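Work through the exercises below with the sequence and the structure in view, and try each task before reading its solution.

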Amino acid sequence: MRTTEICVIGAGPAGLCAAIAARRAGAQVTCVDSGDRPGGQLVKQTHKFFGSRGQFAGKRGMDIARILAAQIENDPMVDLMLESTVIGIYDDGAMGIEHEDSLTFIKPACMVCATGASERMLAFPGNDLPGVYGAGAVQTLMNVYGVRPGKSVLMVGAGNIGLIVSYQLLQAGVEVAAVVEAMPEVGGYDVHARKIRRAGVPILTSHTVKAVHGARTVEAACVWALGSDFQPIPGTERAFQVDTVCLAVGLAPLADLLWQAGCKMAYIPELGGHVAIRDEDYRTSRPDIYVAGDLAGIEEASSAMIEGTIAGIAAARSLGHSTRDSEEMLATARAQLDALRAGPKGEKVRKGIDRLMRLGREVGVVA
Ligand SMILES: Cc1cc2nc3c(=O)[nH]c(=O)nc-3n(C[C@H](O)[C@H](O)[C@H](O)COP(=O)(O)OP(=O)(O)OC[C@H]3O[C@@H](n4cnc5c(N)ncnc54)[C@H](O)[C@@H]3O)c2cc1C
């Protein structure tokens with residue numbers, strides 16, 4: 001069985017930053033990703049990122065992926081394994097990796113899990129018809145493979161993802177019939193909502209999908225209004241002749257490996273669902289497993305990069321690797337994360353982390 005000092009699972013912004021930081025601290029790193037290129041969600045983000053200047057705000061996501069990947073791609077101390085999926089983390093610390101129909105095992109001294117998130121679905125009649133997509137799939141089709149998902153789309157969800165993907169659909173020449181949002185207000189940034197409205201797309205707040213119809217694929221979608229109690233109001237139905245329905249209704253941490261590894265988990269709605277109980281170094285109840293990015297709580301790429309840096313340095317330090325440079329990086333990263341989460345926009349995440357830390361103290365994960 002192969003060995004490595006630190007295995008990073010996932011080469012999205014969190015995993016890449018964990019690998020870069022652990023390497024800077026002097027550790028030997030293996031970074032495994034099931035995709036065919038490093039970058040995770042970033043590879044399909046054609047828009048310029050918001051976030052913080054230290055984390056490349058103003059650059060396109062796909063360019064950020066290239067900048068980060070370039071820092072490890074030709075480093076002899078980093079083994080980047082692409083098209084390789086971690087299928088299990090076992091009690092003895094070994095992990096199984098599936099690559100080209102064969103299974104290999106690696107035993108790292110320590111691992112940073114940064115597997116990101118999965119998209120949430122909505123339950124409504126017709127949600128299994130071809131033509132009903134998650135927003136991530138629509139982005140992959142358009143921005144990675146250059147394929148339009150359809151001719152006319154109903155977008156469900158007016159958070160940043162729903163708004164950004166709507167705009168990208170318009171840029172690709174696809175009609176966006178409407179954006180529907182169950183909440184009474186648009187959740188995404190105003191700047192994105194204004195762009196959509198200027199293009200003539202109505203944003204229907206306090207509305208949801210009632211059903212999607214079609215013989216073999218999507219032919220129409222019916223939406224209806226929601227009252228202040230979030231119950232649908234009969235008689236308010238509106239039909240849209242669309243061939244695609246795109247769901248952008250939130251993300252949940254992709255935590256299967258952590259459950260299997262026996263990490264202590266907690267349900268924290270403010271962080272998107274079940275997350276590992278971890279300390280300020282992002283170390284879980286299993287001392288050899290650290291977490292970072294959307295897996296540790298749904299936020300954004302900026303926080304994912306900073307968390308990856310913290311987890312990478314902390315993991316390397318636990319193996320005795322530490323340099324003045326890496327300790328400075330760690331201090332800077334902690335300050336950047338506090339600044340990013342300050343203010344009203346960070347309130348929800350701060351609340352979730354407070355609960356997680358309290359639970360961590362109760363179960364002895366946080367000192
Ligand atoms: C439409 C859209 C727009 C966005 N816009 C912004 C923005 O403007 N600014 C911003 O800051 N953020 C934005 N975000 C959010 C940002 O993309 C995510 O928060 C960020 O990518 C999370 O990083 P991550 O590394 O945790 O996960 P991901 O980027 O999802 O990376 C996880 C990686 O893990 C790999 N993986 C998963 N499971 C396994 C396994 N078992 N084995 C091997 N590999 C595995 C995946 O292939 C993937 O490459 C946007 C997101 C979307 C969807």
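## Exercise 1: A helix and its surroundings

Step 1. The expected span is 1.5 Å times one less than the number of residues, and helices (H or I, at least four residues) and strands (E, at least two) are DSSP runs numbered from the N terminus.

Step 2. This is a predicted model, in which local features need pLDDT of at least 70 and side-chain atom pairs count only at pLDDT 80 or more, while totals for chains, interfaces and linings use all residues. Residues are numbered from 1 along each chain as its sequence is written, and side-chain values use heavy atoms, with hydrogens and water left out.

Step 3. The buried residues of H4 are Asn160, Gly162, Leu163, Ile164, Val165, Ser166, Gln168 and Leu169, where buried means under 20% relative accessible area, exposed means over 50%, and partly exposed lies in between (1.4 Å probe, protein chains only).

Step 4. After H4 comes Gly173, which has a positive phi near 85°.

## Exercise 2: A loop residue

Where does Val186 lie, and which residues is it in contact with, leaving aside neighbours within four places in sequence?

Step 1. Val186 belongs to the loop between E10 and H5, and with a relative accessible area of 24% it is partly exposed.

Step 2. With those sequence neighbours left aside, Val186 is in contact (heavy atoms within 4.5 Å) with Ala158, Leu163, Ala193, Arg197, Ile203 and Thr205.

Step 3. From C-alpha to C-alpha, Val186 and Asn160 are 9.0 Å apart in space, although 26 residues separate them in sequence.

## Exercise 3: Pairing strands

In which sense do strands E4 and E5 pair, and which residue in E6 is the bridge partner of Ile97?

Step 1. Strand E4 (residues 84-89) and strand E5 (residues 95-99) pair in the antiparallel sense over five bridges; two strands pair if DSSP finds at least two bridges between them. Across this pair, Ile89 stands opposite Met95 in E5.

Step 2. The hairpin of E4 and E5 has five residues between the strands, and Gly93 in its turn has a positive phi of about 90°.

Step 3. E5 is also joined by five bridges to strand E6 (residues 102-113), and these two run antiparallel. Thr104 is the partner of Ile97 in E6, and in the hairpin of E5 and E6, with two residues between the strands, Glu100 takes a positive phi near 45°.

## Exercise 4: The core and the cysteines

Which residues touch the most other members of the largest nonpolar core, and how many disulfides does the structure hold?

Step 1. A nonpolar core is a set of buried Ala, Val, Leu, Ile, Met, Phe, Trp, Tyr and Cys residues joined through side-chain atoms within 4.5 Å. The largest one has 65 residues, of which Ile6, Val112 and Leu258 touch the most other members. Helix H7 (residues 301-318) gives the most to this core, with 10 residues.

Step 2. There are zero disulfides, a disulfide being a pair of cysteine sulfur atoms within 2.5 Å. The sulfur of Cys17 is 11 Å from the closest cysteine sulfur, in Cys31, and so it is too far for a bond. For Cys31, the closest cysteine sulfur is in Cys7, at 7.6 Å, which is also too far for a bond.
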